[in-house]
There are 2 protein chains.
Amino acid sequence: MDSRGSRFKRNVLEERAAARLSDAGASSESGAAAVRAMMHASLVGVDSHGIRLTGHYCRMLEGGRLKRRPELDVERRGAGSAMVSGDDGLGHYAAYRAVEVGMEMAREAGIGAVGVRHSSHFGAAGAYALAGAEQGFVTFATTNTDSMVALFDGARKFHGTNPLTFAAPVPGSRPWLLDMATSSIPLNRVLLHRSLDEPLPPGTAATPEGNATTDPHAADMLLPLGGVDYGYKGAALAGVATLFSALLTGTTLDPDFIPMYGTADISTPRNMGHFILVIDPDKFAGRAAFAHAITHYLSSLRASPARPGGGPVMAPGDREWQVMAERERDGVPLDPDTIAFLGL
Amino acid sequence: MDSRGSRFKRNVLEERAAARLSDAGASSESGAAAVRAMMHASLVGVDSHGIRLTGHYCRMLEGGRLKRRPELDVERRGAGSAMVSGDDGLGHYAAYRAVEVGMEMAREAGIGAVGVRHSSHFGAAGAYALAGAEQGFVTFATTNTDSMVALFDGARKFHGTNPLTFAAPVPGSRPWLLDMATSSIPLNRVLLHRSLDEPLPPGTAATPEGNATTDPHAADMLLPLGGVDYGYKGAALAGVATLFSALLTGTTLDPDFIPMYGTADISTPRNMGHFILVIDPDKFAGRAAFAHAITHYLSSLRASPARPGGGPVMAPGDREWQVMAERERDGVPLDPDTIAFLGL
């Protein structure tokens, strides 16, 4: 993260982003969901999925890929299962609704699983895991995305950087939060290293032939988590994201997506799928037992010694909450294009 | 896998292992579950969790760690949630029961999640994901285990090799099956390289101070998947296994386990936890849509080109089913100690 340049307060960004989405025709509900998810990403430091996407979403609303005034459809399929149709609107709107539906089911059934179809890019998947955890639920959220990661030993982009995200409530503290891509690095990292002419970490990217390379100019696709030796694990985890998001929901497979960027077609909906799973700890060992266990787990983890020159040892989310505290205080840094687009 | 030495037919191994467990006092139901899970592991090539564990389980039954005639308790907590108590018997027995309970709930609610407590080592977690998939359900199974993996930047064993396993039904074919440890390699691999005096792959193991090493003699613990650069992802995935298996069930945390091996205490139950999640595709986009989607997904994946000198590109499970076909035909190889113990 570049900490130079201008920083902006959260409420200013929320207001400007909402206004731009509204100008592009988005309904207030769907626009508010997109702003909430983008703001989450901006605050925890995932700038690629933050407020800078406002302009992209506006172009897609104007082009017709995204429906301006989507009407969500919720179909309950069982006491713990439902499908939400996003009506081809902003994906954030459908995904937050899926979390709500999941929580409603989990309160009764102990668990609620919601497939989302006819959706589109929903930003940082962690936003939805977090939304459930903030209400006291262990929550899993995933999506599949445009192909840009090779299979293990593969020579073609196949899976997206398909995130797996989990969050869990922690008494008296922000949630435990894991939001990880199933590649080692995001594509942005390759572009950054290309612009800096600096080598990539080994085992993170490959040439068009599928050979691992540290040359950012030769890199054409990403390698799955685990790299050259253990990338079959990362590739399979990307498959898990696809299994839940696309196969259970009957939506588009990673290699079949109309690209998010760089295509002339910004008028055809992409039928992207997501999957949200919400669990009520009270319906397993009980809320008190869970609270005790996660508190003990996290204090053991954070008290674990660090290697010389490393550490401190952190739990998933610890870094994100540090960044959030800084950005709540000092503002969110933005790139010049986004500053101009928002009229700041 | 050492393919030299003697090989034995499946039915012979099943019969001998069941007889030994019975001799050690195991009830026929709990012994049969252990044999089923061990046989799965032996057939797919996970020998560390295969029939060779028969002797270990017998010693634990004789020592009192494992109850010989456990009575399982199933407590339904919601339409999609339940807790199974293993009564400190063989973990396989409780875990297979949890899959059954999960399937029963999933048929009605769309999803069934089952926490298992008062259990013990259950062998290869993939056995339980597979048991659900063979009945037409997408199934997730996990457990936490004895500490042997460093945290990211950590200098102490914290998590176990905590597996995440997923399986999904595939029309006209064996299931899609992922059974992965959240470390890059198992501890067995370190011991093997130590005996061969051969270096370990980089980023897979560490010294007692937490520094990565390729020297198998200096290696004291494993590193999480992702290694020195991206091991925070593997460590967090091990945390996901703990979250589901131990925190939601209120069972023992990884660093708090009485060790599986190498301890004088073989009389105290370990209160190990597991978690099983069963999903009925029919309660999401529908069984036909799911069947179509996973067939298309797998054919796309297997048709994806391999890099020069690599491949072929495989789906999770493809290697396991190859090994199973070979072993069904040629028999299962066994180590001399196990051959002696089984009286073969």
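Colleague: Why is B:Cys58 called buried?

Modeller: B:Cys58 has a relative accessible area of 2%, and buried means under 20% relative accessible area, with exposed over 50% and partly exposed in between (1.4 Å probe, protein chains only). So B:Cys58 counts as buried. A:Cys58 is buried too, at 2% relative accessibility.

Colleague: What should I know about the model and its numbering?

Modeller: This is a predicted model, where local features need pLDDT of at least 70, side-chain atom pairs count only at pLDDT 80 or more, and totals for chains, interfaces and linings use all residues. Residues are numbered from 1 along each chain as its sequence is written, chains are lettered from A and ligands numbered from 1 in the order in which they are written, and side-chain values use heavy atoms, leaving out hydrogens and water.

Colleague: What makes β8 and β9 of chain B a pair of strands?

Modeller: Strands pair if DSSP finds at least two bridges between them, and β8 (residues 164-170) and β9 (residues 173-180) of chain B have 6, in the antiparallel sense. Strands here are DSSP runs (E, at least two residues), and helices are runs of H or I, at least four residues, numbered from the N terminus. One spot to look at is B:Val170, opposite B:Ser173 in β9(B). The two strands form a hairpin with 2 residues between them, and B:Gly172 in the turn has a positive phi of about 70 degrees.

Colleague: Which strands are at the edges of the chain A sheet?

Modeller: That open sheet has 7 strands in the order β2-β3-β4-β12-β5-β8-β9, with mixed pairing. Its edge strands are β2 (73-78) and β9 (173-180), each pairing on one side only. Inside that order, β5 (residues 138-143) and β8 (residues 164-170) of chain A run antiparallel, joined by 4 bridges, and A:Phe140 has A:Phe166 as its bridge partner.

Colleague: Which residues does B:Trp176 touch?

Modeller: Contact means heavy atoms within 4.5 Å. Not counting residues up to four places away in sequence, B:Trp176 touches residues of both chains, including A:Val240, A:Leu243, B:Phe166 and B:Ile294.

Colleague: Where do α7(A) and α8(B) meet?

Modeller: A:Gly239, A:Thr242, A:Leu243 and A:Leu247 in α7(A) meet B:Phe290, B:Ala293, B:Ile294 and B:Tyr297 in α8(B).
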